[in-house]
Amino acid sequence: AASAPAASIGGMWAVGAAAGAVASIVTMPLDVIKTRWMVSPGKYTGLFDVAVKTYGNEGLRSFFKGVYARVAQKIPSSAFFFFLYEMFRTLLGVQR
């Protein structure tokens with residue numbers, strides 16, 4: 001069986017950065033809900049209650065407050081992680 005071509009260093013960084021950015025954006029609403037529930041004990045009856053009240057009081061945009069800072073932090077960390085993962089996988093001879 002033919003093996004896949006080795007990825008370039010830049011490609012590994014780009015894939016890791018893109019994956020981190022997408023994951024941050026997709027999970028941001030759940031993170032906002034979780035954080036609001038944790039910092040306000042007794043204010044909400046559950047996660048759904050947090051979501052409904054947040055949307056009702058502040059609208060859809062409230063679920064993405066702080067997304068730029070989160071993405072800015074996640075892009076370099078995900079790029080670095082993915083690069084190291086691929087580098088060590090290659091160095092150790094681990095097959096896909």
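Predicted model: local features only at pLDDT ≥ 70, side-chain atom pairs only at ≥ 80, totals over all residues.
A residue counts as buried when its relative accessible area is under 20%, as exposed when that area is over 50%, and as partly exposed in between.

## Helix packing

Two packed helices are described by the angle between their axes and the distance between the axes. Helix H1 covers residues 9–39 and helix H3 covers residues 67–91; their axes come within 7 Å and cross at roughly 140 degrees. Angles over 145 degrees count as roughly antiparallel, and those from 65 to 115 degrees as roughly perpendicular. H1 and H3 are therefore classed as oblique to each other. The crossing of H1 past H3 is right-handed. In the contact of H1 with H3, the residues comprise 16 nonpolar, 5 polar and 4 charged.

Two residues of H3 illustrate how this helix is placed. Ile75 belongs to helix H3 and is partly exposed, because its relative accessibility is 31%. Apart from neighbours within four places in sequence, Ile75 has contacts with Ala17 and Ala21. The C-alpha atom of Ile75 lies 27 Å from that of Ala51, although the two residues are 24 residues apart along the chain. Met87 is also located in helix H3. With a relative accessibility of 27%, Met87 is likewise partly exposed. Met87 and Met12 are separated by 75 residues in sequence, while their C-alpha atoms are 9.2 Å apart in space.

The axes of H1 and H2 come within 9 Å and cross at roughly 105 degrees. This angle makes H1 roughly perpendicular to H2. On the H1 side, Ile33, Arg36 and Trp37 take part, and they meet Leu47, Val50, Ala51, Thr54 and Glu58 of H2. By residue class, the contact of H1 with H2 divides into 5 nonpolar, 1 polar and 2 charged.

## Salt bridges

The whole structure contains 5 salt bridges.

| Salt bridge | N to O distance |
|---|---|
| Asp31 and Lys34 | 3.2 Å |
| Arg36 and Glu58 | 2.6 Å |
| Asp49 and Lys53 | 3.2 Å |

Which helix holds both Asp31 and Lys34? Both residues lie in helix H1, 3 residues apart, a spacing of about one turn of the helix. Asp31 is partly exposed, since its relative accessible area is 26%. Lys34 is partly exposed for a corresponding reason, its relative accessible area being 38%.

The salt bridge of Arg36 with Glu58, at 2.6 Å between the closest N and O atoms, is of another kind. Arg36 in helix H1 and Glu58 in helix H2 (residues 47–58) are 22 residues apart, and the pair links distant parts of the chain. At 36% relative accessibility, Glu58 falls in the partly exposed class.

Is Asp49 buried or exposed? Asp49 counts as buried, because its relative accessibility is 16%, and the threshold for that class is under 20%. The partner of Asp49 in the salt bridge is Lys53. Asp49 and Lys53 are 4 residues apart in helix H2 and therefore separated by about one helical turn. Elsewhere, salt bridges with shared partners join Arg36, Glu58 and Lys65 into one network.

Key
Residues numbered from 1 in each chain as written. Heavy atoms only, no water. Axes fitted to C-alpha atoms, helices over the stretch in contact; angles between N-to-C directions. Parallel < 35°, antiparallel > 145°, perpendicular 65-115°, else oblique. Left-handed = near helix turned anticlockwise from the far one by under 90°. Nonpolar A, V, L, I, M, F, W, Y, C, P; charged D, E, K, R; others polar. Salt bridge = Lys/Arg side-chain N within 4 Å of Asp/Glu carboxyl O. Buried < 20%, exposed > 50% of the residue type's maximum accessible area, 1.4 Å probe, protein only. Contact = heavy atoms within 4.5 Å.
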